[in-house]
Amino acid sequence: MYDATAIKKPILALLTAAVCLVPMQAAAEEDDESRIPPLRDLPDFDATIPEEAPIPQPNQETISLIREGISLQTEVLETLRSIKDRESADAASEKLSRLAADLNRWGKTMDNRAQELGEEEEIVNEYEVNFLPTIRNISAEIRREGERLMTYGYFDSEKLKKALRELVIQTQ
């Protein structure tokens, strides 16, 4: 014959579990609902952000101006390194005079640019990380070349002395 108790026990166990799970599920839903809204209630972020939101970038004009200064500084260094005798010293003096004027113009432009921008964080960071080490290295090399030229008495070139004096004055 058929024993109903054998079927009742598993059914009762399932019903008991279901009855216990319903309050637990409701409590879990309440906790979840209080913390995280359903996805359909989230704001539409794409609708609030313009499609072409500007991405902050360092001012390319200022970065270009800094690079121009490094280029001028490198040109001064190469010119100083080219001096080996009085003839090359006299020839270099003309180029150094032109570079002094260029560096003076560049310095004024850079000062005006800095006043316009204040201390814009991206530019300052870009300058300190990417340019300042290079500028310091080139400046140290220029100083060494100046010491070398002084050691050799500027190769007896008055033109070179005058050009170097002008360079120092123009770049201060």
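Me: In this predicted model, is Phe 155 buried or exposed?
Reply: The model is predicted, so its values are computed from the atoms. Phe 155 has a relative accessible area of 15%. Buried means under 20%. Phe 155 is therefore buried.

Me: Where does Phe 155 lie?
Reply: Phi of Phe 155 is near 55°, a positive value in a residue other than glycine. As for its place, Phe 155 lies in the loop between H5 and H6.

Me: Which residue forms an aromatic pair with Phe 155?
Reply: The chain's count comes to one aromatic pair. In that pair the ring centres are 5.3 Å apart, with 10° between the planes. Planes under 30 degrees apart count as stacked, so this pair is stacked. The partner of Phe 155 is Tyr 152.

Me: Is Tyr 152 buried or exposed?
Reply: The relative accessible area of Tyr 152 is 52%. Exposed means over 50%. Tyr 152 is therefore exposed.

Me: How does Tyr 154 count by its relative accessibility?
Reply: Tyr 154 is found in the loop between H5 and H6. Its phi is near 55°, a positive value in a residue other than glycine. The relative accessibility of Tyr 154 is 21%, which lies between the 20% and 50% cut-offs. Tyr 154 therefore counts as partly exposed.

Me: What pattern does the chain follow along the sequence?
Reply: The chain has six helices and zero strands. Read along the sequence, the pattern is α-α-α-α-α-α.

Me: What share of the chain's residues count as buried?
Reply: The chain exposes about 12,900 Å², and carbon and sulfur atoms supply 56% of that area. The chain has 172 residues. Of these, the share that count as buried is 23%.

Me: Among contacts between residues at least 6 apart in sequence, what share join residues at least 24 apart?
Reply: Contact means heavy atoms within 4.5 Å. Take the contacts in the chain between residues at least 6 apart in sequence. The share that join residues at least 24 apart is 80%.

Me: What is the distance from the first C-alpha of H3 to its last?
Reply: Helix H3 covers residues 60–81, with 22 residues in it. At 1.5 Å a residue, 32 Å is expected. The helix comes close to that, reaching 31 Å.

Me: How far apart in space are Gln 60 and Ile 123, C-alpha to C-alpha?
Reply: Gln 60 is in helix H3. At 48% relative accessibility, Gln 60 counts as partly exposed. Along the sequence, Gln 60 and Ile 123 are 63 residues apart. In space, C-alpha to C-alpha, they are apart by 8.9 Å.

Me: Is Gln 73 buried or exposed?
Reply: Gln 73 is in helix H3. Leaving aside neighbours within four places in sequence, Gln 73 is in contact with Ile 135, Ile 138, Ser 139 and Ile 142. Its relative accessible area is 13%, under the 20% cut-off. Gln 73 is therefore buried.

Me: Which residues does Thr 79 touch, not counting residues up to four places away in sequence?
Reply: Thr 79 is in helix H3. At 4% relative accessibility, Thr 79 counts as buried. Not counting residues up to four places away, Thr 79 touches Ala 92, Lys 95, Leu 96 and Leu 99.

Me: Of the residues in the largest nonpolar core, which touch the most other members?
Reply: In soluble globular proteins, nonpolar side chains tend to be buried together. Here the largest nonpolar core has 26 residues. The members that touch the most others are Ile 83 and Leu 96.

Me: Which helices each supply at least two residues of this core?
Reply: Helix H4 covers 86–117 and helix H5 covers 121–151. The helices that each supply at least two core residues are H3, H4, H5 and H6.

Me: Which residues is Ile 83 in contact with, leaving aside its neighbours within four places in sequence?
Reply: Contact means heavy atoms within 4.5 Å. With those sequence neighbours left aside, Ile 83 is in contact with Ser 88, Ala 89, Ala 92, Arg 148, Leu 149, Phe 155 and Leu 160.

Me: Within what arc do the buried residues of H6 fall?
Reply: Helix H6 has 13 residues, and its end C-alpha atoms are 18 Å apart, which agrees with the 18 Å it should span. Leu 160, Ala 163, Leu 164 and Leu 167 are buried in H6. These buried residues line one face of the helix, because seen down its axis they fall within an arc of 100°.

Me: Which residues are exposed on the other side of H6?
Reply: Exposed means over 50% relative accessible area. On the other side of H6, the exposed residues are Glu 158, Lys 162 and Ile 169.

How values were computed
Residues are numbered from 1 along each chain as its sequence is written. This is a predicted model: local features need pLDDT of at least 70, side-chain atom pairs count only at pLDDT 80 or more; totals for chains, interfaces and linings use all residues. Side-chain values use heavy atoms; hydrogens and water are left out. Helices (H or I, at least four residues) and strands (E, at least two) are DSSP runs, numbered from the N terminus. The expected span of a helix is 1.5 Å times one less than its number of residues. Buried means under 20% relative accessible area, exposed over 50%, partly exposed in between (1.4 Å probe, protein chains only). The arc is that of the directions from the helix axis to the C-beta atoms. A nonpolar core is a set of buried Ala, Val, Leu, Ile, Met, Phe, Trp, Tyr and Cys residues joined through side-chain atoms within 4.5 Å. Rings of Phe, Tyr and Trp (its six-membered ring) pair if their centres lie within 6.5 Å; planes under 30 degrees apart count as stacked, over 60 as edge-to-face and the rest as tilted. Accessible areas come from the Shrake-Rupley method with a 1.4 Å probe; for residues, only the protein chains shown count as cover.
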